[in-house]
Amino acid sequence: MGSSLTPHPLVEDLLKQPDLTVLTASSPDWEKTRATYIIDNPAQPVAIARPRNAEQVSTFVTAARRHGVKISVRVGGHDVAARSVVDGCLVIDLREINRIGISEDKQTATIGGGILIGDVIKTLATHKLVTPFGYFPTIGYAGWAMMGGYGWLASRFGLGVDQIKRARVVTAQGDIVEADAELLKGIRGAGGNFGVIVELGIRIYPLEKLLAGTILFQTSDIKVCVQKYFAGYNAMKKSPYGGCGPFWFPKQDDLSRWLFGVNFVWSSNDMDAGRQYLQQVAALGDGADTSLVRETTPTELIDLISALSPPRSYGLNAGNAVSFQSITERPAKVIGDFLSKGPVDTANLLLIHEMRGQSAEPHPDSCFGARLPHGVIELIGIVINPANIEASTQRYRELYEALRGTGDALEVTYASLTQTRDTQISKLFGSEYQFVMDLKNKYDPEGLFDNTEPRLRP
Ligand SMILES: Cc1cc2nc3c(=O)[nH]c(=O)nc-3n(C[C@H](O)[C@H](O)[C@H](O)COP(=O)(O)OP(=O)(O)OC[C@H]3O[C@@H](n4cnc5c(N)ncnc54)[C@H](O)[C@@H]3O)c2cc1C
């Protein structure tokens with residue numbers, strides 16, 4: 001291991017190759033490049049490599065292996081615990097591998113492994129095309145899709161993981177390969193555990209009209225409103241075109257209160273049916289304001305969410321997730337109790353991703369384990385005031401324990417959003433657990449990619 005004065009032999013080796021971009025702690029852009037969504041990540045990698053193509057990724061992988069240095073891959077840096085920038089690793093930062101092309105039949109997009117969700121959606125939108133996408137434009141598409149990929153349009157087109165048609169991978173040996181059916185199955189759920197994904201082919205769809213935005217419930221008793229909403233929503237007949245993501249966020253000028261919103265989406269051209277569906281959802285809570293839901297575009301939607309959210313936050317241990325088959329009375333009560341106390345920080349958030357429809361059925365060509373209708377409760381205890389880190393982390397930990405304590409939580413979690421200590425790898429993949437471990441041992445016996453989420457080896 002080198003000190004800041006003596007460069008690591010891996011770095012010395014890489015710096016001899018002038019066509020490679022390699023940053024070290026003494027590089028002017030080090031802090032900017034090392035920075036992830038979570039600000040308080042103290043990890044100091046050996047170096048950050050910024051390849052421009054698959055061949056350069058191969059050079060970096062081969063060199064790291066030769067020097068016995070583990071790799072961590074980063075793209076959007078949105079892992080909830082900043083686990084993509086790791087102490088003592090070579091970080092391969094793929095953000096420059098961000099091209100996108102659309103097939104002539106407009107059914108597939110070929111994207112670089114380092115492209116961000118916002119760039120995928122904005123490019124597709126110029127062709128009146130779309131694919132499911134998560135709530136934040138600066139999330140890396142591959143990192144979002146490979147481990148699950150919940151978000152807008154999931155009820156209609158499925159999860160991100162179900163959009164992956166093909167992949168080009170740099171293996172631990174430095175080979176650049178087209179994934180066969182077995183490797184693709186592993187990538188669809190266990191992500192970058194088997195190599196660096198430099199290219200994906202993904203499903204894309206025509207989209208003419210979209211009715212979307214946030215329903216706001218104006219209620220004096222948020223606890224009662226939450227229970228009423230879920231009781232009604234569970235009983236409601238759901239449409240595959242309609243999606244609902246309930247969320248709670250602090251009233252910005254009064255930190256003693258939470259606001260209750262539902263991110264609503266309707267993705268069929270039948271706008272009259274969409275407005276009826278909107279009214280049905282609005283009737284589930286008290287004092288619904290639907291004025292923020294309108295005919296819109298995926299681009300506007302993604303810009304809207306990013307305008308409302310802090311670009312970066314503190315709270316390395318403050319994010320977590322728990323999944324439930326449905327939000328029944330017990331978890332709804334726990335959520336209501338949590339909301340009865342005011343938020344700790346203006347960045348605090350609680351939101352639910354819903355999974356139902358065709359993607360919730362078993363898929364033999366994917367190892368993603370949560371193949372049943374369910375909701376992922378995202379416990380986002382992040383803060384913008386660092387003085388609040390401890391209190392917020394504690395408050396959200398109590399919420400996590402209380403939700404698990406209902407006894408109704410699923411054993412399968414969403415690894416991307418769950419703290420490592422709370423992720424049970426043996427449960428994550430259901431009956432595909434052994435398949436995943438065998439594939440890991442086949443492609444990465446030395447553990448070069450062990451820092452990838454989900455972490456298969458302790
Ligand atoms: C503010 C915020 C909002 C979010 N919203 C949603 C949401 O709406 N829906 C949802 O499902 N999730 C959401 N997430 C979770 C997010 O989708 C995952 O954490 C995702 O893995 C982030 O990808 P990234 O590239 O941005 O992150 P990074 O931290 O850069 O990478 C995360 C992991 O993916 C691996 N990885 C990424 N790309 C590659 C690649 N090309 N090859 C190999 N390995 C790779 C990395 O090794 C790392 O382990 C959110 C997270 C945050 C912080």
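**Entry 1: Leu 153**

I began with Leu 153, which sits in the loop between helix 5 and helix 6 (154–157). Helices here are DSSP runs of H or I with at least four residues, strands are DSSP runs of E with at least two, and both are numbered from the N terminus. I note that the model is predicted, that local features need pLDDT of at least 70, that side-chain atom pairs count only at pLDDT 80 or more, and that totals for chains, interfaces and linings use all residues. Residues are numbered from 1 along each chain as its sequence is written.

Leu 153 has a positive phi of about 75°, although it is not a glycine. I counted Leu 153 as buried because it has 22 C-beta neighbours inside 10 Å. The cut-offs are 20 or more other C-beta atoms within 10 Å for buried, 12 or fewer for exposed, and partly exposed in between, with C-beta atoms placed from the backbone.

**Entry 2: other backbone angles**

I then looked up Ala 82, in the loop between strand 3 and strand 4 (90–93). Ala 82 is not a glycine, yet its phi is positive, at about 55°. With 23 C-beta neighbours inside 10 Å, Ala 82 is buried. For the peptide bond from Glu 453 to Pro 454, I recorded a cis form with omega near -10°. Pro 454 belongs to the segment after helix 14 (433–443).

**Entry 3: the annotated domain and the ligand shell**

From UniProt I took the feature "domain: FAD-binding PCMH-type" at residues 41–207, from an unreviewed entry. UniProt positions follow the numbering used here, feature names are shortened, and annotations may be inferred rather than shown by experiment. Across residues 41–207 the chain is 25% helix and 25% strand, with the end C-alpha atoms 39 Å apart.

I found 35 residues around the ligand, the closest being Gly 76, Gly 134, Gly 140, Gly 143 and Gly 192. A residue counts as near a molecule or strand if its C-beta atom, placed from the backbone, lies within 6 Å of it. At least two shell residues come from each of strand 3 (71–74), helix 5 (141–146) and strand 10 (196–203). The shell divides into 15 nonpolar, 16 polar and four charged residues. In this scheme Ala, Val, Leu, Ile, Met, Phe, Trp, Tyr, Cys and Pro are nonpolar, Asp, Glu, Lys and Arg are charged, and the others, Gly among them, are polar.

**Entry 4: Glu 199**

I located Glu 199 in strand 10. Glu 199 has 21 C-beta neighbours inside 10 Å and is therefore buried. Not counting residues up to four places away in sequence, Glu 199 touches Thr 110, Gly 112, Gly 113, Ala 167 and Arg 168. Contact requires the C-beta atoms of two residues, placed from the backbone, to lie within 7 Å.

In helix 4 (residues 117–125) I listed Ile 117, Gly 118, Val 120, Ile 121 and Leu 124 as buried. Down the axis of helix 4 these residues fall within an arc of 160°, so they line one face of the helix. The arc is that of the directions from the helix axis to the C-beta atoms. Among the elements covering the buried residues of helix 4 are strand 5 (100–102), strand 6 (108–112), helix 5 and helix 10 (298–308).

In helix 7 (residues 181–190), the buried residues include Lys 185 and Arg 188. The cover over the buried residues of helix 7 includes helix 5, strand 8 (164–170), strand 10 and helix 14.

**Entry 5: helix 9**

For the buried residues of helix 9, I noted Gly 274, Tyr 277, Leu 278 and Val 281. They fall within an arc of 105° seen down the axis of helix 9, so they line one face. The face turned away from the buried side carries the exposed residues Asp 272 and Gln 279. Strand 12 (211–217), strand 13 (242–250) and strand 14 (258–266) pack against the buried residues of helix 9.

I also checked the length of helix 9 (residues 271–282): at 1.5 Å a residue, its 12 residues should span 16 Å, which agrees with end C-alpha atoms 16 Å apart. The expected span is 1.5 Å times one less than the number of residues.

**Entry 6: Pro 373**

Pro 373 has 15 C-beta neighbours inside 10 Å and so counts as partly exposed. Leaving aside neighbours within four places in sequence, Pro 373 is in contact with Gln 325, Met 355, Arg 356 and Ala 360.
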